[in-house]
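Biologist: I have a structure open and want to learn how to read it. Please take me through the main features, one at a time.

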Amino acid sequence: MAQVALEGIHKVYPNGFEAVQTCSFVIQDGEFVVLVGPSGCGKSTLLRMVAGLEEITEGTLRIGDRVVNDVDPADRNIAMVFQNYALYPHMTVSKNMGYGLKNRGLPKAEIDAKVQEAAKMLNLTDYLDRRPSQLSGGQRQRVAMGRAIVRQPDLFLFDEPLSNLDAKLRNQMRIEVRALQRRLGTTAVYVTHDQVEAMTMADRIIVLNGGRIEQIGTPKEIYNAPASTFVASFMGAPPMNVLNATVGSDKHVTLDEGLELPVAAPASSSGPILVGIRPEDLTLGEGSTPFDVQIVEELGAQRLLHGTLGGQAFSVSVSKDHEAATGTIPVGINPGAVHFFSRDDGFRI
Amino acid sequence: MKRAGFTNPWLPILLLVPQLSIIVVFFYWPAAWAIQSSFYLQDPFGFGSTFVGAENYTDIAQSVEYRKVAWFTVYFTAIVTFLSLSIALLLAVKADNVLRGAKTYRTLLMWVYAIAPPVAGFLGIMFFDQSHGPLTRFFGFFGWDFKLGVDYFDTATAMIIVAVWKQIPVNFIFFLSGLQSIPRSVREAALIDNNSGVRRFWDVTFPLLAPTAFFLLIINITYAMFDTFGIIDTMMKGEPGANPMTLVYKVYLDGFRGNDLGGSSAQSVVLMVLVLVLTIFQFRLIERRIHYT
Amino acid sequence: MADLTQTQIAQPTPTRLRFKWSAVFDHLVLIAGSLLMLMPLVYAFVTASYDPVTIHREGLALTFGDQLGTNFEKALLEKGGFTKTVDGMVMLKNSFILGIGFAVGKIIISMMAAYAIVYFRLRFATFAFWIIFTTLLLPLEVRILPSYEAIQRLGMANTYSGLIVPLIASATGTFFFRQFFRAVPEELVEAARIDGAGPVKFFIDILVPLSRTMIAAIFIIMFVFGWNQYLWPTLITTDESLFTLVRGIKQIVLTYSDAAIPEHGQALALAIVAMLPPVLIVIFFQSWFVKGLTESDK
């Protein structure tokens with residue numbers, strides 16, 4: 001168990017490409033932290049620096065009390081689960097799981113005991129003598145996890161482990177992975193591009209974009225108080241509606257096309273602004289703002305209505321009880337659920 | 001055969017005719033001819049030949065000369081294969097490790113592939129020249145009076161050195177390619193599991209390189225037995241005499257210089273059988289190729 | 001608690017120079033290997049810049065002399081051999097003819113054969129395949145005697161076709177293309193048929209362009225193979241005007257035993273000329289070459 005502290009961590013490749021801008025944060029002992037963002041945002045690079053698979057250009061990395069910048073991956077007491085599992089093709093499941101322990105000089109009996117225990121936890125006991133090529137994707141994934149668990153490391157690192165699984169298996173494994181981590185209490189850093197995984201699994205989420213950390217917070221904080229339009233639109237599906245508006249001298253908020261919104265502008269702002277409203281924070285049928293519905297998407301448990309509000313693209317989501325059809329409907333906006341962002345840099349106001 | 005094929009009746013035949021006819025004329029006909037004449041003894045003055053049954057074969061089996069050449073072939077093949085494979089493996093592993101200059105090293109290490117065996121042999125003659133070849137001097141340092149072309153053992157050593165030199169590039173290329181096809185994530189997993197580079201190599205890298213290694217083994221054996229003809233021919237400077245030679249060279253010698261067509265053909269047949277066994281072995285191996293993925 | 005941010009930069013530590021002894025060792029090994037491969041060529045090239053008497057006296061050299069140009073000129077232009085009509089240029093020409101002729105011939109014939117086997121419903125397709133397959137069993141050296149006989153009987157000795165054609169009697173090219181064609185998606189043929197392309201059009205308009213890189217790769221390998229042929233040209237070309245460079249080397253080696261002072265410089269120059277084209281091609285088209293090598297031998 002250990003705390004992971006990143007101080008001033010910065011990654012620049014020899015060709016000049018800045019993969020991770022200078023950042024600092026602390027991951028608490030036992031915490032499950034998810035690094036989430038689109039492809040190329042630097043989340044994997046960050047993870048790999050923690051693992052020791054990438055060199056840290058600047059900054060200090062501490063695992064526990066130790067500074068580990070120059071420590072070999074094998075000596076950092078970490079375990080990693082790769083996206084494509086990275087199982088040793090020529091070894092059986094039990095050998096795969098025991099390899100890391102073998103190299104640390106544990107006696108054979110002890111290794112066998114630990115492997116058995118981990119196999120039981122992951123329902124792999126029947127497969128111990130098989131080779132990876134004889135296993136299904138889900139089973140291979142569990143072997144990869146077994147390999148990590150058996151080491152009882154200070155830190156688990158996950159690099160998009162569920163991406164190669166089909167949707168149904170993914171949902172199931174999400175729950176299993178989280179439950180396992182809770183049970184073991186080991187600090188975990190998990191990388192994914194899937195915001196659903198981030199929201200459902202994390203104690204805290206770190207949202208990255210273009211090498212920069214956009215926000216760190218609990219899932220609730222991220223969802224309810226996104227720090228920028230990027231976080232607001234990346235996290236949560238369907239995405240938040242972001243509207244171009246202006247705050248007039250009378251403190252009224254008017255959309256660029258002219259429609260006035262019945263919301264209170266933030267105290268200090270004036271001039272151009274971005275207004276964010278989540279699709280579920282609107283009520284159909286009441287209120288004074290006209291919403292022009294063009295497409296209705298039926299999802300079963302909810303309905304998504306897509307159209308325009310005051311000339312700008314807009315979506316509303318309602319539960320299955322609300323009937324909906326195309327045409328113009330008035331919608332009510334929950335004033336407490338409106339977010340404001342600066343038009344210059346996208347940051348929250 | 002593709003599921004979606006064409007059913008034109010005569011076109012495929014037309015397409016196959018060139019290849020098949022060349023093969024029949026220059027492969028099957030000669031092969032059959034060789035087998036047939038191995039059972040005959042040709043009159044040296046060209047007055048025809050007499051059927052002698054398996055006599056040519058028994059002659060071979062009893063010939064001291066043949067046995068000597070056979071042993072040399074085995075010895076030569078084993079050493080050349082072992083040396084060129086190990087040196088190439090070492091170089092490939094290092095070339096794979098190195099971050100900078102990988103491409104340059106690869107170019108420098110593989111160009112020798114394009115040199116013709118006799119040219120390599122010619123260079124060998126110059127290097128082992130009795131009076132002032134650099135390698136002769138080098139060996140002289142250690143008190144070894146190197147006599148290329150005169151001393152059997154010395155000539156054999158020189159041939160081995162040249163043959164190994166010529167073969168390293170091919171093995172290097174295959175090993176490097178094999179190394180680069182091991183998934184990066186497997187190697188990273190090994191980095192996390194094991195902090196010793198040497199142990200990582202033997203536990204993870206080498207087993208995954210095994211298919212390539214087996215395949216190269218067969219290639220190298222074939223090379224040492226047959227493709228070194230040019231090297232051997234050149235380095236004995238045209239005087240076979242008591243010089244070391246491989247079995248295939250003896251086939252050529254007895255057939256073309258010695259005019260012993262029957263004996264030479266019998267030797268060819270023996271080699272044919274040997275190659276048959278090797279190739280079957282190779283294809284079996286490829287089929288059962290240790291496919292882990 | 002989370003200290004977020006990009007604006008606070010706590011004292012960044014300077015980049016550490018990760019100096020690893022193991023990396024130095026790796027480079028040393030590689031440099032040693034490269035030298036091993038290069039030295040013979042360096043020696044040969046430098047020594048070729050001396051006159052024969054000096055070389056005979058002193059052996060291989062590492063510093064340049066002044067005869068480089070002369071030696072190369074003589075190697076290429078001086079008419080030597082028994083009939084005094086052959087010079088290096090003739091041999092160069094013959095080598096090119098052999099190399100290119102063989103490579104082109106092999107590619108065309110094996111592509112056609114592979115196409116026939118893969119894309120047509122032939123009753124005897126498997127039979128044809130096995131006939132071709134068995135040629136892998138016997139390298140030319142083993143059947144050298146009877147092949148020579150065959151050429152003699154066909155009256156093809158001392159001809160270019162006699163040089164080139166028998167070499168094509170092996171399955172490697174066909175195998176290679178067969179494997180490649182099998183990997184081409186089925187849908188392509190189906191789409192072509194719907195578009196009204198017959199087998200010939202499909203082959204020329206679609207399959208051949210698709211195979212471009214493979215053709216290049218195989219061409220390189222086959223060119224080198226043909227250029228470097230030794231035993232076969234030695235046997236069936238006694239007419240000196242058909243000698244290839246590699247064949248010419250043998251002549252030189254033979255004269256070594258006879259002549260008082262062999263033409264060392266010239267010989268080395270000729271050897272270098274014999275080496276140059278294949279080596280240059282392999283170096284400049286490295287990636288294709290490697291691809292052809294690693295994919296063709298499976």
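Modeller: Start with buried area: the accessible area (1.4 Å probe) that two parts lose on being put together, summed over both. Chain C and chain B bury about 9300 Å² between them. Of that area, 77% is on carbon and sulfur atoms. In chain C, Leu30(C), Met37(C) and Leu145(C) lose the most area to chain B, together 8% of what that side buries.

Biologist: What ground rules apply here?

Modeller: This is a predicted model, where local features need pLDDT of at least 70, side-chain atom pairs count only at pLDDT 80 or more, and totals for chains, interfaces and linings use all residues. Residues are numbered from 1 along each chain as its sequence is written, chains are lettered from A and ligands numbered from 1 in the order in which they are written, and side-chain values use heavy atoms, with hydrogens and water left out.

Biologist: How many residues of chain C are in contact with chain B?

Modeller: Contact means heavy atoms within 4.5 Å. By that test, 112 residues of chain C touch 89 residues of chain B.

Biologist: Which elements of chain B have the lowest and the highest mean pLDDT?

Modeller: pLDDT is the predictor's confidence in each residue, from 0 to 100. Helices (H or I, at least four residues) and strands (E, at least two) are DSSP runs, numbered from the N terminus. In chain B, strand E2 (residues 49–51) is lowest at 76, and helix H3 (residues 64–97) is highest at 92. The chain B average is 84, with 94% of the residues scoring at least 70.

Biologist: Which residues touch the most other members of the largest nonpolar core?

Modeller: A nonpolar core is a set of buried Ala, Val, Leu, Ile, Met, Phe, Trp, Tyr and Cys residues joined through side-chain atoms within 4.5 Å. Buried means under 20% relative accessible area, exposed over 50%, partly exposed in between (1.4 Å probe, protein chains only). The largest core has 225 residues, and Leu46(A), Tyr115(C), Tyr119(C), Phe181(C) and Phe289(C) touch the most other members. Helix H7 (residues 152–180) of chain B gives the largest share, 16 residues.

Biologist: In what order do the strands of the open sheet in chain A run?

Modeller: Two strands pair if DSSP finds at least two bridges between them. Here 4 strands give the order E2-E1-E4-E5 (chain A), with antiparallel pairing. Strand E2 (18–27) and strand E5 (66–67) of chain A are the edges. Strand E1 (residues 4–12) of chain A pairs with E2(A) over 6 bridges. Lys11(A) stands opposite Val20(A) in E2(A).
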